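Subject: Structure handover and notes

Dear colleague,

Please find below the structure that I promised to pass on to you. My notes follow directly after it, and I would be glad if you read them with the model open.

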Amino acid sequence: MENVIEWNVGLNDFKKCTLELGENSHKFTTELLDVPFENNRNITDIFNDHLSNRQTKYVEVLYSGGLDSELVLLSCIKNSIPVIAITLVIKIEGLIINTHDLYYAEKFCRENNVTHKLIELDANKFFDSGKHLDYLSPYSIIEPHVATHLWLIEQCDYFPVLGGD
């Protein structure tokens with residue numbers, strides 16, 4: 001089956017896109033704000049337009065402690081966009097395996113007065129139970145770490161932003 005993309009008008013001038021993938025007709029729907037594109041416009045300005053027009057009180061940046069997600073946080077801070085940093089705490093057999101990420105993320109948030117929320121994931125239970133496949137299979141994704149990102153997005157209460165590649 002060929003992938004099918006269908007665009008419709010959503011609420012409040014949002015564009016609604018439904019994408020059907022593969023033989024089982026898995027559907028993924030998202031709504032995008034239709035912001036006019038201007039030539040020679042800075043990507044940061046375009047990004048901030050989207051965040052400023054969100055329909056939630058806060059932006060929640062999935063913050064690994066890395067450079068990409070830190071850039072997103074700095075952009076929010078610079079443009080007075082209410083932001084919360086969300087960092088995944090990965091545990092295996094009760095031990096935290098990403099302490100280096102947590103250390104830097106906590107330090108950055110403390111120094112920049114950003115609310116920092118930690119969310120724990122028991123990696124053994126998540127992967128051994130096959131729960132990760134619930135996130136990967138519908139989209140034909142094969143990289144297992146992507147499942148943890150998609151799971152973390154579901155834990156957010158506001159407008160989640162995934163910084164990075």
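The chain has six helices and eight strands, where helices (H or I, at least four residues) and strands (E, at least two) are DSSP runs, numbered from the N terminus. From the N terminus on, the order of these elements is β-β-β-α-β-α-β-β-α-β-α-α-α-β. Please bear in mind that this is a predicted model, in which local features need pLDDT of at least 70 and side-chain atom pairs count only at pLDDT 80 or more, while totals for chains, interfaces and linings use all residues. Residues are numbered from 1 along each chain as its sequence is written, and side-chain values use heavy atoms, with hydrogens and water left out.

Of the 165 residues of the chain, 32% count as buried; buried means under 20% relative accessible area, exposed over 50%, and partly exposed in between, with a 1.4 Å probe and protein chains only. Taking contact to mean heavy atoms within 4.5 Å, among contacts between residues at least 6 apart in sequence, 54% join residues at least 24 apart.

I begin the detail with β5 (83–92), a strand that is mostly covered, with seven of its 10 residues buried. Strands are said to pair if DSSP finds at least two bridges between them. By that criterion β5 pairs with β4 in the parallel sense over four bridges, and V59 stands opposite V83 in β5. Eight bridges join β5 to β7, and these two strands also run parallel; here I84 stands opposite T115 in β7. With strand β6 (residues 95–96), in contrast, β5 pairs in the antiparallel sense over two bridges, and the bridge partner of K91 in β6 is I96.

The hairpin of β5 and β6 has two residues between the strands, and within this hairpin E93 takes a positive phi near 50°, although E93 is not a glycine. E93 is exposed, with a relative accessible area of 69%. N113 is likewise a residue other than glycine with a positive phi, in this case near 55°, and its place is in the loop between α3 (99–111) and β7. N113 is exposed, with a relative accessible area of 74%.

When residues up to four places away in sequence are not counted, L73 touches V61, Y63, V83, A85, F108 and V114.

Which residues of helix α6 are buried? In this helix (residues 145–154) they are A147, T148, W151 and L152. Seen down the axis of α6, they fall within an arc of 135°, so they line one face of the helix; the arc is that of the directions from the helix axis to the C-beta atoms. What covers them includes β4 (59–62), β5, β7 (115–122), α4 (123–128) and α5 (131–136).

Finally, about 500 Å³ of space lies in the second largest pocket. On a 1 Å grid over the protein atoms alone, a cavity is a set of points where a 1.4 Å probe fits but cannot get out, and a pocket is an open set with protein on both sides within 12 Å along at least five of seven lines, with lining residues having an atom within 4 Å of a point. Grid points are joined across faces, edges and corners, and the volume is the space filled by probe spheres set on the points. This pocket is lined by 23 residues, of which L62, S64, H149, L162 and G163 lie nearest its centre. α2, β5 and α6 each supply at least two residues of the lining, and the largest share, six residues, comes from α6.

With best regards
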